[in-house]
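I wanted a first look at how charged side chains pair up here. These are my notes.

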Amino acid sequence: MEELLAVCRILSLDSEEDDSTTDDAIAFRTMGMGVKVEHAALTKLLGIFEQALNSFPTTWEQDERMLERRENEDGTLLSIAATAAVEYRLAKKIKIVTRVNATQRELKRIEQIIKEM
């Protein structure tokens with residue numbers, strides 16, 4: 001995730017910078033960016049996560065239902081390989097949602113810093 005966030009930061013470098021003197025804002029500038037760049041980067045990252053979640057052919061709920069019933073959506077039994085594939089797909093979704101939650105928490109922290117500037 002750090003690599004993806006780094007790319008988002010680079011893509012956000014044209015975001016309007018600030019000259020705030022709050023400790024948090026100064027800390028971000030010493031890392032080579034301002035809080036507004038970080039806000040833009042995190043927002044881009046959330047968009048990428050959303051696209052990733054939307055790219056799956058099934059929803060989280062459909063995967064859970066298939067695993068619970070051991071059936072496809074059409075009612076046919078899941079093979080062992082298909083069960084493993086659904087479990088893997090659901091695990092990927094769980095990882096993405098975990099990262100979404102962490103990114104949203106960080107975005108709220110950044111928004112608080114911006115508010116205090």
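I started with K93, which forms a salt bridge with D63; their closest N and O atoms are 2.6 Å apart. This pair joins distant parts of the chain, with K93 in helix α5 and D63 in helix α4, 30 residues apart. I keep in mind that the model is predicted.

Is K93 buried or exposed? I looked it up: K93 has a relative accessible area of 2%, so K93 is buried, the cut-off being under 20%. D63 is buried as well, at 0% relative accessibility.

I then checked R65. R65 forms a salt bridge with E73, and the closest N and O atoms lie 3.6 Å apart. R65 is partly exposed at 32% relative accessibility. E73 is partly exposed too, at 44%.

My next entry is E106 and R109. Their salt bridge has its closest N and O atoms 2.8 Å apart. The two residues sit 3 apart in helix α5, so about one helical turn separates them. E106 is partly exposed at 24% relative accessibility, and R109 is partly exposed at 38%.

How many salt bridges are there by this rule? I noted 5.

Last, I turned to backbone angles. Most residues other than glycine have a negative phi. R70 is not a glycine, yet R70 has a positive phi of about 60 degrees. I found R70 in the loop between α4 (60-69) and α5 (80-116). R70 counts as partly exposed, at 39% relative accessibility.

Technical notes. Residues numbered from 1 in each chain as written. Predicted model: local features only at pLDDT ≥ 70, side-chain atom pairs only at ≥ 80, totals over all residues. Heavy atoms only, no water. Helix = DSSP H or I, 4+ residues; strand = E, 2+ residues; numbered from the N terminus. Buried < 20%, exposed > 50% of the residue type's maximum accessible area, 1.4 Å probe, protein only. Salt bridge = Lys/Arg side-chain N within 4 Å of Asp/Glu carboxyl O.
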